[in-house]
Amino acid sequence: MDTTSMRRLLEIQALQSIGTSNTYNTTSLTGNSNNIFSELMEELVQDSTSNNTEQLAQLLVNQSSSNLNSQYYLYDPQNQSYILSSYYEILSEDEMLNVSNGDSTSINQPIQSIISRASQTYGVPEKLIEAVIKQESNFNPTAVSSAGATGLMQLMPGTARYLGVTDSTDPEQNIMGGTKYLSEMLQQFDDNIELALAAYNAGPGNVKKYNGVPPFKETINYVQNVVNYYRT
């Protein structure tokens, strides 16, 4: 099954998940032979030519209602549709990144060029910008969160206006604006990366209020993930 077919499968599953209740029955993924999704799922599992088959199949079967409700949808410009973020990350690995030399990955050249210019303009390390983008959108320029954050560095509408960004889906504007904001957070918190990242995620007011990384699970995980990417 090629990437397009997998996308169609995931779109069907995403539609099934919208509006599901807490009694979401995961057996519907594999148990009904008359269900078109079940047939597609079986085809996916049986297709040994897909590099992502095992990972996708396991993800689809293991999704619980709580996991679905906590995720957000990302816009897929290729098919002009929305799919769950966890599925998008799997499918985007080969499309958004240029893979080479086994486990090493390199960001596509247009995005890398913007990151380099943003780094030089605002004095933020390229690797830190890359780490934020990886965590925020997994390099999807059209990503939109449930809260309305948009683009590669997930700018909220108010933050985008403050930064002079008129189109958050434009990689150039988004990265330059997001890096500018990140540089301001670094300056505000004396180049403490953890505090700057916490401020980027939860707002500088919360960092000051708690005199450190706010005790929010999302923010704690966010800081940890970005720092790990940055130092890898």
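**Helix α6 against helix α9**

In this predicted model, helix α6 (residues 109–122) packs against helix α9 (residues 171–188), with axes that come within 9 Å. The two axes cross at roughly 35°. The crossing of α6 and α9 is right-handed. On the α6 side, the contact is made by Ile111, Ile114, Ile115, Arg117, Ala118, Thr121 and Tyr122. On the α9 side, Pro171, Glu172, Ile175, Met176, Thr179, Lys180 and Ser183 take part. By class, the contact of α6 with α9 has eight nonpolar residues, three polar and three charged.

Ser183 is one of the α9 residues in this contact. Is Ser183 buried or exposed? Ser183 is buried, because its relative accessible area is 6%, under the 20% cut-off. Leaving out residues up to four places away in sequence, Ser183 touches Tyr122 and Val124. Tyr122 belongs to the α6 side of the helix contact.

**Salt bridges**

How many salt bridges does the count come to? The count comes to two.

| Salt bridge | Closest N and O atoms |
|---|---|
| Arg117 with Glu172 | 2.7 Å |
| Glu194 with Arg231 | 3.2 Å |

The bridge of Arg117 with Glu172 links distant parts of the chain, with Arg117 in helix α6 and Glu172 in helix α9. The two residues are 55 residues apart. Arg117 is partly exposed, with a relative accessible area of 33%. Glu172 is partly exposed too, at 30%.

The other bridge joins Glu194 with Arg231. Glu194 lies in helix α10 (residues 193–202) and Arg231 in helix α12 (residues 217–231), so the pair ties together parts that are 37 residues apart in sequence. Glu194 is partly exposed, with a relative accessible area of 26%. Arg231 counts as exposed because its relative accessibility is 59%, over the 50% cut-off.

**Helix α10 and its cover**

Helix α10 is mostly covered. Seven of its ten residues are buried. Which residues of α10 are buried? They are Ile193, Ala196, Leu197, Ala198, Ala199, Tyr200 and Ala202. The cover over the buried residues of α10 includes α7 (126–137), α9, α11 (204–210) and α12.

Val227 shows part of the α12 side. Val227 is found in helix α12. It is buried, with a relative accessible area of 9%. What does Val227 touch, not counting residues up to four places away in sequence? Val227 touches Ile193, Glu194 and Leu197. Ile193 and Leu197 are among the buried residues of α10, while Glu194 is partly exposed and forms the salt bridge with Arg231. The C-alpha atoms of Val227 and Leu197 are separated by 8.7 Å. Along the chain, Val227 and Leu197 are 30 residues apart.

Ala202 is also found in helix α10. Why does Ala202 count as buried? Its relative accessibility is 19%, and buried means under 20%. Beyond residues up to four places away in sequence, Ala202 touches Pro214, Phe216 and Thr219. Ala202 and Val213 are eleven residues apart in sequence. In space, C-alpha to C-alpha, Ala202 and Val213 are 8.9 Å apart.

**The whole chain**

The secondary structure of the protein chain comes to twelve helices and four strands. Of the 232 residues, 46% count as buried. Among contacts between residues at least 6 apart in sequence, 47% join residues at least 24 apart.

**Confidence**

The protein chain averages a pLDDT of 75. A score of at least 70 is reached by 54% of the residues. Over residues 18–34 the pLDDT is below 50. Beyond near neighbours in sequence, residues 18–34 have 28 contacts in the model. Residues 92–104 also have pLDDT under 50. For residues 92–104 the model has 28 contacts beyond four places in sequence.

Note on methods
Residues numbered from 1 in each chain as written. Predicted model: local features only at pLDDT ≥ 70, side-chain atom pairs only at ≥ 80, totals over all residues. Heavy atoms only, no water. Axes fitted to C-alpha atoms, helices over the stretch in contact; angles between N-to-C directions. Left-handed = near helix turned anticlockwise from the far one by under 90°. Contact = heavy atoms within 4.5 Å. Nonpolar A, V, L, I, M, F, W, Y, C, P; charged D, E, K, R; others polar. Salt bridge = Lys/Arg side-chain N within 4 Å of Asp/Glu carboxyl O. Buried < 20%, exposed > 50% of the residue type's maximum accessible area, 1.4 Å probe, protein only. pLDDT = per-residue confidence, 0-100.
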